[in-house]
Amino acid sequence: FTIGRTTTRFATQCFVSSSVENDTSTVTVEESDVRQFEDRIPNRLRLKGEVSRNEVLDASTYEAQLLQQWDERTASGFDWEIEKARRYFAGLRMRDDGSWVRQPSMFDFLVSRSRPSPNEGPRPVGALDVAKLFAVQMLTSVGLGPALGMAAVPTAVIQKYEGSFLSFIKGVLGGDLQTLAGGPLFLLLAKYYQEYGPIFTLAFGPKAFLVVSDPVMARHVLRDVPVTQYCKGMLAEILEPIMGQGLIPANPAVWKVRRRALVPGFHKKWLNRMIGMFGDRADILLKDLQSKEGNVVDMEERFCSVTLDIIGKAVFNYDFGSVTKESPIIKAVYRVLREAEHRSSSFIPYWNLPYADQWMGGQVEFRRDMTMLDDILADLINRAVETRSEATVEELEERDNADDPSLLRFLVDMRGEDLSSKALRDDLMTMLIAGHETTAAMLTWTLFELARGPPALLEEIQKEVRTVLKDKDRPDYDDIVAMKKLRFCLIESLRLYPEPPVLIRRAREADNLPSGGSDLTSGIKVLRGTDMFISTWNLHRSPDLWDEPERFDPTRWDRPFQNPSVRGWDGYNPDKVTGLYPNEQAADFAFLPFGGGARKCVGDQFAMMEAAVTLSVLLKKMDFELAIPAEDVGMKTGATIHTMNGLQMKPRSVSESSTSVEKTTSWWEMQHLKRGFNANGRPFDSQDGNVDSRGKCPIHKD
Ligand code: HEM
């Protein structure tokens, strides 16, 4: 009898899996059949409430609903073996702890399989949408796009691979997009941007991506349309095994709930408290560097360690201690990060190959690492839950929590937070990954640019730090605000090295992009299911949007910039800079250091403060000299831009008293004057451009 039940479900699953779009009505009919049949099932075998071990699955998915129909207490014998086979067929995999996770199929990479919920907006993209996209792409490639109502968007086709045949085969087998594209994807997009302009289609056979490098179009996608209109698409598929439904990959319905829960955790008092912790960690790094004086040190690796220690403390109150020691946990974190990066630069989902986590070396290791990290996380969450003391958000903001000021503590104590769900684990894991290497990369590239730039710039930053900090070793919030030049250096490095260099979206509904700086005056039609890359790299380095875009010039943030030929773009206006950094509003979406719109980074203030504290603590007492030629530092990318060979530097202690603020015109001001602006960066005819007492530019006065 039970075999019959299982067989019916198995057949149901086969049927549903083969109609990949998971049409709701089909599933409902088949499930109701199963339910009728189940009425005759003995009580012992019936579903008993929620199956909590399966919480790792998004409850809205078809698989989650199927799982709930089986009472796992009867998990033994032949019946169970058939049930397991059915689950494997449905793309589910059992983890070591007995819970089930959905492993997306190859096809899932192209379409989303989660079911629509009434609040979620458009239904997920399905097989029909993908088929339609393929067809339109094929017809467009033979010149029939305009006849189908599509704008004449140029198509860049990757035709010629310039590497060796062997590396090409390796790239295909490993699904390595970088190898196939002949280098980092963002550099390929930059090459095509120069050729095709602010919007083009990048085609890999029938699969095509719409590549956007225009501020007006980016503003439309990120801010102007409802948040349900675009999702993270393939990025979510890639990150799901690691971050689950954490805030970055979360579908819009989950995102709305979780963002509301998480944002209060980043309140002002907490950030202020964090500044002290940043100082402690930066101090450990300083001492470590002082002990290595005269030696060559990989500063990229050092910054990765300090930011890992900081995020561990801030998010879970966990001390990785990675600046001073190595441990299996730290290694597991790094391997998981590398795997996440590799997956995000691959377009063949090799990790979904049958039983990949049992025979592919890297995947076996990845599963082991994830299990280890999950166990640690579960342990930390459980410990926090045991000492839970519920309170409202307002009350929590006032709490001292000196022993444990972590986000985990805040979320666990927050009244109304559902602690039985997997959401907490997913969000914490997401923040560990999102908040770590991004900040490390910002520090790495800032120090690199300062070390290879004009010595007068580095000297001026050091002067600023010493002048603001005076006898103190580390800054407080007001000091961070006062160190404007240092902050502008940090943000300028995010302009040149955006982390990540490409934002990924998928249209969940048809859309029409504004024409922006393109020649397509009637806008650009976007079909449902279209995968989109918003190239922050191209935006941040566009000669249409920046003066001397390739130059590391932190002084630029004082000066306005406009270009009326980019229709609908307001330009960069320094008067709109309000917080710790010139943000996407001030540059009207030509600058997206932390994204923009509803899905903007939640950790922007945290990251800016962390980087400002770390860098100021180091620069106050040390000088840094490149130990290899700047050209050899190189660039490679995953989710963030890394150096190719590490940032090899020689740190050296310096006497702090050697510098004081000079009254003469500084290097910084000279940059404005040289470009025909007033000493404060404003145009000479502007109201506030009166720093020069004579009202004239000393260089261009004639
Ligand atoms: C320099 C450091 C950082 C950079 C450059 C950065 C950059 C970004 C960008 C560009 C996005 C938008 C992604 C998109 O639209 O697809 C984002 C989102 C996010 N970031 Fe950051 N980030 C940094 C630090 C942090 C830190 C320290 C945390 C946490 C403590 C964090 C947590 C997140 C989260 C949770 C999201 C998703 C927000 C949402 O979808 O609602 N980030 N970040």
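The protein chain contains 26 helices and 15 strands. Helices (H or I, at least four residues) and strands (E, at least two) are DSSP runs, numbered from the N terminus. The structure is a predicted model, in which local features need pLDDT of at least 70 and side-chain atom pairs count only at pLDDT 80 or more, while totals for chains, interfaces and linings use all residues. Residues are numbered from 1 along each chain as its sequence is written.

Of the 702 residues in the protein chain, 43% are buried. A residue is buried if 20 or more other C-beta atoms lie within 10 Å of its own, exposed if 12 or fewer, and partly exposed in between, with C-beta atoms placed from the backbone. Among the contacts in the protein chain with a separation of 6 or more, 70% are between residues 24 or more positions apart. Two residues are in contact if their C-beta atoms, placed from the backbone, lie within 7 Å.

Six strands make up an open sheet with mixed pairing, in the order 3-4-5-11-8-6. The edges of this sheet are strand 3 (155-157) and strand 6 (230-231); each has a single partner strand, so one side of each is left without a neighbour in the sheet. Two strands pair if DSSP finds at least two bridges between them. In general, strands of a sheet pair through backbone hydrogen bonds, either parallel or antiparallel. Strand 8 (residues 502-507) pairs with strand 11 (residues 531-535) in the antiparallel sense, over five bridges. Within this pair, Arg506 has Asp531 of strand 11 as its bridge partner.

Phe186, in helix 8 (residues 185-196), is in contact with residues that include Val502 and Ser535. Pro501, Trp537 and Thr637 are also touched by Phe186, not counting residues up to four places away in sequence. Phe186 has 24 other C-beta atoms within 10 Å and is therefore buried.

Another open sheet has three strands in the order 7-15-12, and its pairing is antiparallel. Strand 7 (297-298) and strand 12 (622-626) stand at its edges, each with a single partner strand, so one side of each is left without a neighbour in the sheet. Strand 7 is joined to strand 15 (residues 648-653) by two bridges. Across these strands, Asp298 has Gln648 as its bridge partner, and Val297 stands opposite Met649. Strand 12 pairs with strand 15 over five bridges, in the antiparallel sense. Here Asp623 stands opposite Arg652.

Helix 13 (residues 299-316) has 18 residues. From its first C-alpha to its last, helix 13 reaches 25 Å, close to the 26 Å expected at 1.5 Å a residue; the expected span is 1.5 Å times one less than the number of residues. Helix 13 is mostly covered, with 17 of its 18 residues buried. Just after helix 13, Asn317 takes a positive phi of about 60°.

Cys601 lies in the loop between helix 24 (536-540) and helix 25. Cys601 counts as partly exposed because it has 19 C-beta neighbours inside 10 Å. Leaving aside neighbours within four places in sequence, Cys601 is in contact with Phe594 and Gly595. In the UniProt record, an unreviewed entry, the annotation "binding site" covers Cys601. UniProt positions are given in the numbering used here, feature names are shortened, and annotations may be inferred rather than shown by experiment.

Ile433 lies in helix 19. With 22 C-beta neighbours inside 10 Å, Ile433 counts as buried. Apart from neighbours within four places in sequence, Ile433 is in contact with Met243, Leu337 and Ala340. The C-alpha atoms of Ile433 and Leu187 are separated by 24 Å, and these residues are 246 residues apart along the chain.
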